[in-house]
Amino acid sequence: TQTVSQSDAHVTVFEGDSVELRCNYSYGGSIYLSWYIQHHGHGLQFLLKYYSGNPVVQGVNGFEAEFSKSDSSFHLRKASVHWSDSAVYFCAVSANTGYQNFYFGKGTSLTVIP
Amino acid sequence: EAAVTQSPRNKVAVTGGKVTLSCNQTNNHNNMYWYRQDTGHGLRLIHYSYGAGSTEKGDIPDGYKASRPSQENFSLILELATPSQTSVYFCASGDLGVSYEQYFGPGTRLTVL
């Protein structure tokens, strides 16, 4: 069974600050890791994903994430946040097998103070 | 861009009643999913489908049925709704063997009284 842990339920920063949202997973096999964003009252939207290669992947709107096999982590970062980045962020893992489903973390709510 | 729509967007049902939530996708994805989202639990998979005619149980299938009559449509059925099924339900589609991305609908807020 795969598990995804997002240790911070809430993060609050000021506009222009940098932010890191943490994600740790447990799974021994080959996996896809991804991040999704959910604005209030809307469905989730894909931000970025990692499977192999360069451990730092770029997403939309200046987001990037770094994969670490040794730490079993896939943390999301942004160098300078904007108030519109306020949303809930979900980390997800999917095994590269025939069971093609995602397991989502519980989400981190990011609040950016203007 | 993938388009996933859900209907209704809001629903109030009575305990013991039947509820059908509908989902339509126009991107010709093989896989479709139903999740529920509750505070403190994140997203939990109820049922999914690999294509027309197929339905599979997810992590929390009890009390729910699913139907995939076509590539585009995937329904979630609550035969006997209970207050514990009050939640926000999301439908998603994707071709995980190709892109490993999911496209989500806007959600349906279901309240069972």
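How many salt bridges are counted between chain B and chain A? Let's look at this predicted model one close-up at a time.

**View 1. A salt bridge joins the two chains.** The count between chain B and chain A is 1 salt bridge. Its partners are Lys49(A) and Glu101(B), whose closest N and O atoms are 3.4 Å apart. On the side of chain B that touches chain A, the elements giving two or more residues are strand S4 (31-38) and strand S5 (42-49) of chain B. By class, that side has 11 nonpolar, 9 polar and 3 charged residues.

**View 2. Chain B meets chain A.** Here 23 residues of chain B are in contact with 23 residues of chain A. About 1,900 Å² is buried between the two chains, with carbon and sulfur atoms giving 51% of that area. In chain B, the residues that lose the most area to chain A are Leu43(B), Tyr100(B) and Phe104(B), together 32% of what that side buries.

**View 3. Tyr33(B) and Tyr35(B) form a stacked pair.** Over all chains, the structure holds 18 aromatic pairs. Why does this one count as stacked? The ring centres of Tyr33(B) and Tyr35(B) are 6.2 Å apart and the planes meet at 25°, and planes under 30 degrees apart count as stacked.

**View 4. Tyr35(B) also pairs with Phe104(B).** This pair is tilted, with 5.7 Å centre to centre and 35° between the planes. Tyr35(B) lies in strand S4 of chain B and Phe104(B) in strand S10 (residues 103-104), 69 residues apart, so the pair links distant parts of the chain. Both residues, Tyr35(B) and Phe104(B), are buried.

Conventions
Residues numbered from 1 in each chain as written. Chains lettered and ligands numbered in written order. Predicted model: local features only at pLDDT ≥ 70, side-chain atom pairs only at ≥ 80, totals over all residues. Heavy atoms only, no water. Contact = heavy atoms within 4.5 Å. Buried area = accessible area lost by both parts, 1.4 Å probe. Salt bridge = Lys/Arg side-chain N within 4 Å of Asp/Glu carboxyl O. Helix = DSSP H or I, 4+ residues; strand = E, 2+ residues; numbered from the N terminus. Nonpolar A, V, L, I, M, F, W, Y, C, P; charged D, E, K, R; others polar. Phe/Tyr/Trp six-rings, centres within 6.5 Å; stacked < 30°, edge-to-face > 60°. Buried < 20%, exposed > 50% of the residue type's maximum accessible area, 1.4 Å probe, protein only.
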